[in-house]
Amino acid sequence: MPSTAILVSPLEGYRLWAESWDNDPSPIVALESRFLAPRLGDLRGKLFLDVACGTGRWLLEAQARGAAVLVLDLCPEMLLRAQAKPPIAHRLARADARRLPVPDGCADTVLCALSLGHIPPADTVVRELARAVRPGGWLIVTDFHPQAARQ
């Protein structure tokens, strides 16, 4: 008998995935980490904002490089997992990437990792991310190749 696929929204999918996210290796996440980590550089004295942070994997890295960190995600289950990580436990907020609750130009680096395609419309999210970056700061967006997203 053929199996029946059940489609869920990205938010519902991340709610279901939250418990095992940190222990469930992903080749896409590993590839992104290998590419992006060497490019982050020295973050001492900088504010690092991670939008759609999931369980906070990039925040631990940014904090280890000296950044003050703030993490935002819409999924309460992912934030609950992030909250369990002591170095970032009190730097979390639930927020929609389309309406960030931060002032203009507040962060030296704004990151949105492997999430943009899950938050339509992308142009609204990119405008919000760009709004949060200070002049001369860095906006880093990683995402899936469009062909992978279609599959």
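Ile 6, Val 8 and Leu 16 together form a nonpolar surface patch with about 340 Å² of accessible area. Patches of this kind join nonpolar side chains (Val, Leu, Ile, Met, Phe, Trp, Tyr) within 5 Å, from residues with over 30% relative accessible area and no salt bridge, a salt bridge being a side-chain nitrogen of Lys or Arg within 4 Å of a carboxyl oxygen of Asp or Glu. Accessible areas follow the Shrake-Rupley method with a 1.4 Å probe, and for residues only the protein chains shown count as cover.

The model is predicted: local features need pLDDT of at least 70 and side-chain atom pairs pLDDT 80 or more, whereas totals for chains, interfaces and linings use all residues. Residues are numbered from 1 along each chain as its sequence is written, and side-chain values use heavy atoms, without hydrogens and water.

The chain contains six helices and five strands, taken as DSSP runs (H or I, at least four residues; E, at least two) numbered from the N terminus. In sequence order they read α-α-β-α-β-α-β-β-α-β-α. The C-alpha trace spans about 60 × 35 × 30 Å along its principal axes.

Of the 151 residues, 37% are buried. The chain exposes about 8,900 Å², of which carbon and sulfur atoms supply 59%. Among contacts (heavy atoms within 4.5 Å) between residues at least 6 apart in sequence, 61% join residues at least 24 apart.

Methods:
Patch = residues over 30% accessible without salt bridge, like charges linked within 9 Å, V, L, I, M, F, W, Y side chains within 5 Å. Buried < 20%, exposed > 50% of the residue type's maximum accessible area, 1.4 Å probe, protein only.
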